[in-house]
Structure formats: C-alpha cells, structure tokens
Amino acid sequence: MAQADAAVAGLPLDHTFRHRWRADDYNLRWVYLHMIEEYARHNGHADLLRERIDGFTGD
C-alpha cells in the first residue's frame, strides 16, 4: 500500500494516463472510484456468504 501511495503522491485527481493494454485514457479520479466500487462489491459478496453461513442478516 505504501508503494501505491508513493506512486500517486502529489498527483491531482485529473492526472491522466494511458492504459497499458487498451488505447484508453483514464484519470486518477476514475481509478479511485473504480476501486471503491470493486471494494463495495466484494464486501457485498462477503456479506452474502456470511449470511448463508450464520443465517443472520445485517441491519
């Protein structure tokens, strides 16, 4: 995580870069948003699995 923090230290959210395998440009804001979405999706999956295991739903 420290390496990721160091890689973007001082960069504005509008900093753009080209994807290595695609011909698309992305900005740092898009990357952060994408990572938040993925994190939320996986937390939701984990919650569904937990509910199936213990039978309790969250409030």
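This is a predicted model: local features need pLDDT of at least 70, side-chain atom pairs count only at pLDDT 80 or more; totals for chains, interfaces and linings use all residues.

Asn 27 caps the N-terminal end of α2, with a side-chain oxygen 3.2 Å from the backbone nitrogen of Arg 29. I then checked the other end: Gly 55 follows α2, and its phi is positive, near 80°.

Next, the span. α2 has 27 residues and reaches 39 Å from first C-alpha to last. That is close to the 39 Å expected (1.5 Å times one less than the number of residues).

I listed the elements. The protein has two helices and two strands (DSSP runs: H or I of at least four residues, E of at least two). Their order from the N terminus is α-β-β-α.

Then the overall form. The radius of gyration, taken over C-alpha atoms, is 17 Å, but a compact globule of 59 residues would have one near 10 Å. I found 3% of the 59 residues buried (under 20% relative accessible area, 1.4 Å probe, protein chains only).

Last, the largest pocket. Its volume is about 340 Å³. Met 1, Phe 17 and Tyr 32 are among its lining residues. α1 (2–8) and α2 (28–54) each supply at least two residues of the lining. I sorted the lining: nine nonpolar, no polar and one charged.

Notes on method. Residues are numbered from 1 along each chain as its sequence is written. Local features need pLDDT of at least 70, side-chain atom pairs count only at pLDDT 80 or more, totals for chains, interfaces and linings use all residues, and side-chain values use heavy atoms, without hydrogens and water.

How values were computed. On a 1 Å grid over the protein atoms alone, a cavity is a set of points where a 1.4 Å probe fits but cannot get out, and a pocket is an open set with protein on both sides within 12 Å along at least five of seven lines; lining residues have an atom within 4 Å of a point. Grid points are joined across faces, edges and corners, and a volume is the space filled by probe spheres set on the points. Ala, Val, Leu, Ile, Met, Phe, Trp, Tyr, Cys and Pro count as nonpolar, Asp, Glu, Lys and Arg as charged, and the others, Gly among them, as polar. A polar contact is a pair of N or O atoms within 3.5 Å; within protein, one must be able to donate a hydrogen and the other to accept it, and residues adjacent in sequence count only if both atoms are side-chain atoms. The radius of gyration is taken over C-alpha atoms; the globule rule is 2.2 Å times the number of residues to the power 0.38. Buried means under 20% relative accessible area, exposed over 50%, partly exposed in between (1.4 Å probe, protein chains only).
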